[in-house]
Amino acid sequence: MQGLLAVYRKELADHFSSYRFVLLFALIAMVSFITTYMAGIHLRDSLEGVAKPKFVFLMLFDTPGAIFSMVQFVSFLGPLIGIVLGFDAINRERAHGTLVKLVSQPIYRDAVINGKFLAGLTTITITLVSIVLVISGFGLALLGVVPGLEEVCRLAVCLVLSIVYISFWLGVSILFSISFKNIATSVLASIALWIFLSFFVSLISEVLANVAAPVDNKKDTVRETVIKNIRIKERGSLFSPMVLYSHATSIIIDPRRKTTSSLAFMGPIERLSASRFQNPLPLGQSIFVVCPHMVALIAITLICFLISYLVFMLQEIKT
Amino acid sequence: MENESIIQAIGLTKRYGSQTVLADLNLHVEEGEVFGFLGPNGSGKTTTILMLLGLSQPSEGSARVCGMDPVRKAIEIKRVVGYLPENVGFYGDMDAVQSLTYIADMNGIDKDTASNKIRDVLDEVGLSDDSQKKVGAYSRGMKQRLGIAEVLIKDPKVLILDEPTLGLDPDGALRLIELIRSLNRDRKITVLLSSHNLYQVQKISQRVGILIKGKMVAQGPIEALSREKFGVGEEKYTLEEIYMKYFQEG
């Protein structure tokens, strides 16, 4: 415990005093300011003279103002935060000859990796919480609407999801920093995996869907084929943590959304009820809808950390 | 067990796959002595040291350090044994006090005791004047002395030094050797010193062990080794000559 705290304190201090963190924080703060401002202006204009809809405040986070919304921004660039915080966690210590020194202190070996992961997690948490608070304050002034309890709870759930999502990438980059001796290699590996999982998985699943169940727009395709096509596409894209995250958060942040699947999947009754009953879902039900996504996100994060843990514990310490 | 040596290895063997890097090593270091641990590069000295600290698991055989088994009691051993690795690294953006505070923190020394201790050890290794400088700006000799300070923080019973004088200028090496000698004499710390600098080893060690290709070929006081190799009445040979003789034969 003593060792864990010592490593944790030192790593946290390192994160907060490092240039890369300051740069990253500045970038995130700037982008969030701009997106919120755009979203706020857009919302104010479009809501003028209209009866105030429920949950206006949450719209601040999922209205694409200029290019993308705040939630989209996190799903795109959140991984980068995780990668930046972890890509050289272990191999820098190894390269500088400090790892042997650490493990020859009277601490358990896992204190090193646990301390580093927890310090990264804390940094991510502090960054996201402060950004969300700043945006909220900014939004309050811009919209003049105070968020209700439900909205605050939804934001909190969304925040936790974002932290888990970014922690997954922290875990990935720490894993690579353990397996690759070279720092440049571990950065590239993390970035390659990020690009692959975030952008290529959807493409690949689309290709697979078109091969397995070709849909021709000119001819009338059998209904079953269309459904099969969409099903393969959607299931395949779920392999991407980014898709998991954006599905989960879009449901949590927008109470009017009731399903993550596309219209083609809905039966006639479901479609009818969706168009008839426009009432927003309560938070519990929203969580229920994306429960699989949330569980999957947490699971891949834990698995990723577990693998890094095992690899690190089994690795020989050589000088 | 009566009169147990402070460091004791029995039949210590390490294999990586089919390659044996250390074969059936028997080693004992008595309390209060400086033991010179010699051998060419890659002969298995560092491997032995890592196994003594529980950082690497022996394939066969066992060891006892301060009466404890490194496989089971690694943490307890590391509490009383200070290890200065070969080419030890530092966090370049910390100063000496910060580095030592971090090490003290990991050894569970509370803040007030730590700051007193840090002052004392910095004084002892002669770095008091440079304690506010970033370690990145230290010379190699200063870094080695800071490394010694880092292991002294925990008041060790045993010091294991792996090539502490490697790459130091003659003056720096001499100062370091004098420092080790005074630690042994004044603080009664047992020292296991691995080094290539045979002249220095001869100056401060009571006994030496020679490890060649993973086998301990000789162990004992320098005169005894000389007698063994060159005959009775031939105790005048230097450690270097003895070592070379063993090396050529091995």
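These questions and answers explain some of the terms used for this predicted model.

Q: Why is Cys66(B) called buried?
A: Count its neighbours. Cys66(B) has 20 C-beta neighbours inside 10 Å. The cut-off for buried is 20 or more. The count meets the cut-off, so Cys66(B) is buried.

Q: Why is Asp155(B) called partly exposed?
A: Asp155(B) has 15 other C-beta atoms within 10 Å. Buried needs 20 or more, and exposed needs 12 or fewer. The count of 15 lies in between, so Asp155(B) is partly exposed.

Q: What makes the phi of Cys66(B) worth a remark?
A: Phi of Cys66(B) is near 50 degrees, which is positive, and the residue is not a glycine. Most residues other than glycine have a negative phi. Cys66(B) sits in the loop between strand 4 (60-65) and helix 2 (74-80) of chain B.

Q: What is the phi of Asp155(B), and where is the residue placed?
A: Its phi is positive, about 50 degrees, although Asp155(B) is not a glycine. Asp155(B) lies in the loop between helix 5 and strand 6 of chain B.

Q: What makes strand 5 and strand 9 of chain B edge strands?
A: Start with the sheet. Six strands of chain B form an open sheet with mixed pairing, in the order 5-6-7-3-8-9. Strand 5 (81-84) and strand 9 (215-221) each pair on one side only. From one strand to the next, the twist averages 15 degrees.

Q: How do you know that strand 3 and strand 8 of chain B pair?
A: Count the bridges. Strand 3 (residues 34-38) and strand 8 (residues 207-212) share four bridges, in the parallel sense. Pairing takes at least two bridges, so these strands pair. Leu38(B) has Ile210(B), in strand 8 of chain B, as its bridge partner.

Q: Which helices of chain B lie against these strands?
A: Helix 5 (residues 140-152) packs on the sheet and touches strand 5 and strand 6 (158-162) of chain B. Its direction makes about 160 degrees with that of strand 5. Helix 9 (residues 239-249) lies across strand 3, strand 8 and strand 9 of chain B. Helix 9 runs at about 30 degrees to strand 8.

Q: How many residues of chain A are in contact with chain B, and which element gives the most?
A: In chain A, 18 residues are in contact with 22 residues of chain B. Helix 1 of chain A gives the most to this side, with four residues. By class, this side of chain A has seven nonpolar, eight polar and three charged residues.

Note on methods:
Residues are numbered from 1 along each chain as its sequence is written. Chains are lettered from A and ligands numbered from 1 in the order in which they are written. This is a predicted model: local features need pLDDT of at least 70, side-chain atom pairs count only at pLDDT 80 or more; totals for chains, interfaces and linings use all residues. Axes are lines fitted to C-alpha atoms, for helices over the stretch in contact, and angles run from 0 to 180 degrees between N-to-C directions. Two residues are in contact if their C-beta atoms, placed from the backbone, lie within 7 Å. Ala, Val, Leu, Ile, Met, Phe, Trp, Tyr, Cys and Pro count as nonpolar, Asp, Glu, Lys and Arg as charged, and the others, Gly among them, as polar.
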